Amino acid sequence: MELNTILREIADEERGIVNDVWKDYYENGKRAFERQSYKEASEFFKIAINNNPKDINLFSWLGAAQFHSGEENESLINLKKFLEKEPNHQYTLSLVARIYGNRGNANFYSKSLSGLDKAIQDYQEALKYTPQ
């Protein structure tokens, strides 16, 4: 085995990358996403993350797929993980703002006083994430 190959494998192991299998799942996830098969894309991205948890971009893709398949709570968790490393990513910010806006709308239309308070909080969170 060539020295560079060994060194690359050691570096990958230190970063938490066990193998290159994640790349295939990532590519399959992107193709499913492009076909608007968001639940399928989510599954591919989850497997890619399990094989390469250090690649923060995978969390953005997973969060976007979850958002588009209606899994807003799970989406919010993954999108926020991505934003910890890339806080100015416009598309991700807009998805998070939309999630909080959707929550605000749901709480507003609940027509209870506590729902109105929650709606205000959600709308304020939406404004924090609205891209400039």
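This report covers helix packing, aromatic pairs and the nonpolar core of the structure above. The model is predicted.

**Helix packing**

| Helix pair | Angle between axes | Axis separation |
|---|---|---|
| α5 (residues 72-85) and α6 (residues 90-108) | about 145° | 10 Å |
| α4 and α6 | about 35° | 11 Å |

Take α5 and α6. Their crossing is left-handed. On the α5 side the contact is made by E72, N73, S75, L76, L79, K80, F82 and L83. On the α6 side it is made by T92, L93, L95, V96, I99, Y100, N102 and R103. By class, the residues of this contact divide into nine nonpolar, four polar and three charged.

Now α4 and α6. This crossing is left-handed too. From α4, the residues S60, A64, F67 and H68 take part. They meet Y91, T92, L95, R98, I99 and N102 in α6. The contact of α4 with α6 comprises five nonpolar residues, four polar and one charged.

**Aromatic pairs**

How many aromatic pairs does a search of the whole structure find? The count is nine. In one of them, the ring centres of W22 and Y26 are 6.2 Å apart. The planes of these two rings make an angle of 45°, so the pair is tilted. Both residues sit in helix α2 (residues 21-34). They are four residues apart, about one turn of the helix.

Is W22 buried or exposed? It counts as buried, at 10% relative accessibility. Y26 is buried as well, at 18%. The cut-off for buried is under 20% relative accessible area.

F33 and W61 form another aromatic pair. This one is edge-to-face, with 5.4 Å centre to centre and 85° between the planes. F33 lies in α2, whereas W61 lies in helix α4 (residues 57-68). The pair therefore ties together parts that are 28 residues apart in sequence. F33 is buried, at 14% relative accessibility. W61 is partly exposed, with a relative accessible area of 26%.

Ring pairs also build a cluster. Its members are W22, Y26, F33, Y38, F45 and W61.

**The nonpolar core**

In soluble globular proteins, nonpolar side chains tend to be buried together. Here the largest nonpolar core has 28 residues. Which of them touch the most other members? They are V96 and Y129.

Y129 has contacts beyond its neighbours within four places in sequence. These are K80, L83, L93, S94, V96, A97 and Y100.

V21 lies in helix α2. With a relative accessible area of 35%, V21 is partly exposed. V21 and N52 are 31 residues apart in sequence. In space, their C-alpha atoms are 8.9 Å apart.

Notes:
Residues are numbered from 1 along each chain as its sequence is written. This is a predicted model: local features need pLDDT of at least 70, side-chain atom pairs count only at pLDDT 80 or more; totals for chains, interfaces and linings use all residues. Side-chain values use heavy atoms; hydrogens and water are left out. Axes are lines fitted to C-alpha atoms, for helices over the stretch in contact, and angles run from 0 to 180 degrees between N-to-C directions. Helices (H or I, at least four residues) and strands (E, at least two) are DSSP runs, numbered from the N terminus. A crossing is left-handed if the near helix is turned anticlockwise from the far one by less than a right angle, and right-handed if clockwise. Contact means heavy atoms within 4.5 Å. Ala, Val, Leu, Ile, Met, Phe, Trp, Tyr, Cys and Pro count as nonpolar, Asp, Glu, Lys and Arg as charged, and the others, Gly among them, as polar. Rings of Phe, Tyr and Trp (its six-membered ring) pair if their centres lie within 6.5 Å; planes under 30 degrees apart count as stacked, over 60 as edge-to-face and the rest as tilted. Buried means under 20% relative accessible area, exposed over 50%, partly exposed in between (1.4 Å probe, protein chains only). A nonpolar core is a set of buried Ala, Val, Leu, Ile, Met, Phe, Trp, Tyr and Cys residues joined through side-chain atoms within 4.5 Å.
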